[in-house]
Amino acid sequence: MGLMFFINTFFPDLDLSAEDRIALVRVEGVILDSQSTVTELKRFGENPSIKAIVLRIDSPGGGVVPSQEIYDAVQRVRNKNSKAVIASMGTVAASGGYYIASATDRIIANPGTLTGSIGVIMETANVEGLLKKIGVEGIVVKSGKFKDVGSPLRRMSDEERALLQSVMDDVHKQFIEAVASGRAMEPAAVQALADGRIFTGRQAKEAKLVDELGNLEDAIQLAADLAGIEGEPKVVEPRRRFSIRELIESRLTAVLPKLDFYSGVSLKYLMAF
């Protein structure tokens, strides 16, 4: 009894039986890091008792690289481990959240889910005028003319803006290519929808960005059907361990959702609030 309690508490996804199960992995909040999600996908992908995975997405997106890393991890589970991955969209699954969903076998959204927002955003501020008013001068020593591109200490030049736009256009193209590949759509068809607009789940289904309308239970049942599990499927979910860092970051992003945790220029697959 004591041993089973220990195992269920600290190793909830440990396989101690031959029973077929569905794993539930959650992607929630602003996507700042991919490590925990990638680790969960890998562990469940390699667990023989896990026959399919439901990826519950409730996120407005976030960093470009974390979104891409989770996308790649989903594809590895599908291709290397030959397991179905179903995306279940919650309140919002937009920008980087949709990027990740597009890597799955099927996408199920609620009719009122906010999704789409296929695009890239980069934000900075020019506080030069404010600094002058309070008698502060910003001083930068740099090795090249573009080293302080995006600096808030001065106005951006036309040449710098063109440089950043070229970088953004390439990252935007990567987004379009990823969605086109994951959804088996022509890049031109995705391009027509990739102007940052958002969709309801019902609109997204009409635009072929979503496969079906339904809730989390529907996604779990679909995963079970694809895996050949009869009856009500058993669902396992990794137990989250308490993290001071995650607690602080979640509170910060709730109050300041656009807060950039990195200095300098940062590209984001993030739905604007």
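This is a predicted model: local features need pLDDT of at least 70, side-chain atom pairs count only at pLDDT 80 or more; totals for chains, interfaces and linings use all residues.

Me: Why is Ala 23 called buried?

Reply: Its relative accessible area is 0%. Buried means under 20%, so Ala 23 counts as buried. Ala 23 is found in strand S1. Not counting residues up to four places away in sequence, Ala 23 touches Phe 44, Ile 50, Ala 52, Ile 53, Val 54 and Val 236.

Me: What makes Thr 200 partly exposed?

Reply: Thr 200 has a relative accessible area of 27%. Partly exposed runs between the 20% limit for buried and the 50% limit for exposed, so that is where Thr 200 lands. Thr 200 lies in strand S7, residues 198-200. Leaving out residues up to four places away in sequence, Thr 200 touches Pro 111, Thr 113 and Thr 115. Thr 200 and Gly 116 are 84 residues apart in sequence, yet their C-alpha atoms are 8.3 Å apart in space.

Me: And how do you know which label Ser 82 gets, buried or exposed?

Reply: Ser 82 has 61% relative accessibility. Exposed means over 50%, so Ser 82 counts as exposed. Ser 82 sits in the loop between H3 and S4.

Me: Which label does Ser 117 get, then, buried or exposed?

Reply: Buried. Its relative accessible area is 6%, and the limit is under 20%, so Ser 117 qualifies. Ser 117 lies in the loop between strand S6 (114-116) and helix H5 (128-133). Among the residues that Ser 117 touches beyond four places in sequence are Ala 94, Phe 175, Arg 197 and Met 271. Ser 117 and Leu 193 are 76 residues apart in sequence and 8.7 Å apart in space, C-alpha to C-alpha.

Me: Let's turn to helices. Why are H3 and H6 called roughly parallel?

Reply: Two packed helices are described by the angle between their axes and the distance between the axes. Helix H3 (residues 64-79) and helix H6 (residues 158-183) pack at an angle of about 20°, with axes 12 Å apart. Angles under 35 degrees count as roughly parallel, so H3 and H6 get that name. H3 passes H6 in a left-handed crossing. The contact is made by Val 64, Gln 68 and Tyr 71 of H3 together with Val 171, Gln 174, Ala 178, Ser 181 and Gly 182 of H6. By class, that contact has four nonpolar, four polar and no charged residues.

Me: What makes H2 roughly parallel to H3?

Reply: The axes of H2 and H3 cross at roughly 5° and come within 9 Å. The cut-off is under 35 degrees, so H2 is roughly parallel to H3. In this pair, Thr 37, Val 38, Leu 41 and Gly 45 in H2 meet Glu 69, Ile 70, Ala 73, Val 74, Arg 76 and Val 77 in H3. The residues of the contact divide into six nonpolar, two polar and two charged.

Me: Which residues touch the most other members of the largest nonpolar core?

Reply: Of its 49 residues, these are Leu 41, Ile 53, Leu 55, Ile 57, Met 89 and Leu 209. Elements giving two or more residues to this core include strand S1, helix H2 and strand S4. The largest share, seven residues, comes from H6. Another core lies apart from it, with 14 residues, among them Leu 24, Val 54, Ile 108 and Ile 229.

Me: What does Leu 209 contact?

Reply: Leaving aside neighbours within four places in sequence, its contacts include Tyr 98, Ile 107, Met 185 and Phe 199. On the wider scale, residues 24 or more positions apart account for 73% of the protein's contacts with a separation of 6 or more.

Note on methods: Residues are numbered from 1 along each chain as its sequence is written. Side-chain values use heavy atoms; hydrogens and water are left out. Axes are lines fitted to C-alpha atoms, for helices over the stretch in contact, and angles run from 0 to 180 degrees between N-to-C directions. Helices (H or I, at least four residues) and strands (E, at least two) are DSSP runs, numbered from the N terminus. Angles under 35 degrees count as roughly parallel, over 145 as roughly antiparallel, 65 to 115 as roughly perpendicular and the rest as oblique. A crossing is left-handed if the near helix is turned anticlockwise from the far one by less than a right angle, and right-handed if clockwise. Contact means heavy atoms within 4.5 Å. Ala, Val, Leu, Ile, Met, Phe, Trp, Tyr, Cys and Pro count as nonpolar, Asp, Glu, Lys and Arg as charged, and the others, Gly among them, as polar. A nonpolar core is a set of buried Ala, Val, Leu, Ile, Met, Phe, Trp, Tyr and Cys residues joined through side-chain atoms within 4.5 Å. Buried means under 20% relative accessible area, exposed over 50%, partly exposed in between (1.4 Å probe, protein chains only).
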